[in-house]
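Visitor: Please take me through one part of this model in close detail. I would like the strand pairing first, then the charged contacts.

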Amino acid sequence: MIGQLHSVVIDAPDAHALARFYAELLGMEVEGSPGDDWVWVTGAGYRIAVQQAPDLQPPDWPDPDRPQQFHLDIRVADIDEAEPEVLALGARRLPGGGGDFRVYADPVGHPFCLVWDVTA
């Protein structure tokens, strides 16, 4: 092993607002204040860093000219309960998906997936 994962870093035009979105979605805490260049979402042994990027050109799923850049897979127990909650937070549904995942965009446009165990 050369190293260990420290953070997943996401660019956003408003770092604090996007950190709040992911904190609500994942049941975690925001460390940082509005206007900070860097804000962290922490909890459950994980950390997501969100950095201020005022000129961000968000991805346009599934357009290869503006690729997804990164994405998170977020496990949920019940997709039919989780989807309306994530949409209420400001996410939007994107094309694509399969038998055990659906694709969404966060409020800035970064794709992420809600995944579940179809055998449960």
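Guide: Start with strand β2 (residues 29-31) and strand β3 (residues 38-43), which run antiparallel and are joined by three bridges. Strands here are DSSP runs of E with at least two residues, helices are runs of H or I with at least four, and both are numbered from the N terminus. Two strands pair if DSSP finds at least two bridges between them. This is a predicted model: local features need pLDDT of at least 70, side-chain atom pairs count only at pLDDT 80 or more, and totals for chains, interfaces and linings use all residues. Residues are numbered from 1 along each chain as its sequence is written, and side-chain values use heavy atoms, with hydrogens and water left out.

E31 has W40 in β3 as its bridge partner. Six residues lie between β2 and β3 in their hairpin. In that turn, G32 has a positive phi of about 135°.

Next comes β3 with strand β4 (residues 46-52). Six bridges pair them in the antiparallel sense. G43 stands opposite Y46 in β4, and V39 has V50 in β4 as its bridge partner. This hairpin has two residues between its strands, and A44 takes a positive phi near 55°.

The pairs belong to an open sheet of four strands, ordered β1-β4-β3-β2, with mixed pairing. Its edge strands are β1 (8-12) and β2, each pairing on one side only. Neighbouring strands are turned by 25° against each other on average, direction ignored; the axes are lines fitted to C-alpha atoms, for helices over the stretch in contact, and angles run from 0 to 180 degrees between N-to-C directions.

Now the charged contacts. The structure holds three salt bridges, each a side-chain nitrogen of Lys or Arg within 4 Å of a carboxyl oxygen of Asp or Glu. R102 forms one with D80, with the closest N and O atoms 3.9 Å apart. R102 is in strand β7 (residues 101-105) and D80 in helix α2 (residues 79-88), 22 residues apart. R102 counts as buried at 17% relative accessibility, whereas D80 counts as exposed at 57%. Buried means under 20% relative accessible area, exposed over 50%, and partly exposed in between (1.4 Å probe, protein chains only).

R93 and E83 meet in a salt bridge at 3.3 Å, N to O. R93 sits in strand β6 (residues 92-98), ten residues from E83 in helix α2. R93 is partly exposed at 42%; E83 counts as buried at 17%.

E83 also meets R102 in a salt bridge, again 3.3 Å from N to O. E83 lies in helix α2 and R102 in strand β7, so this pair ties together parts 19 residues apart in sequence. Shared partners join D80, E83, R93 and R102 into one salt-bridge network.
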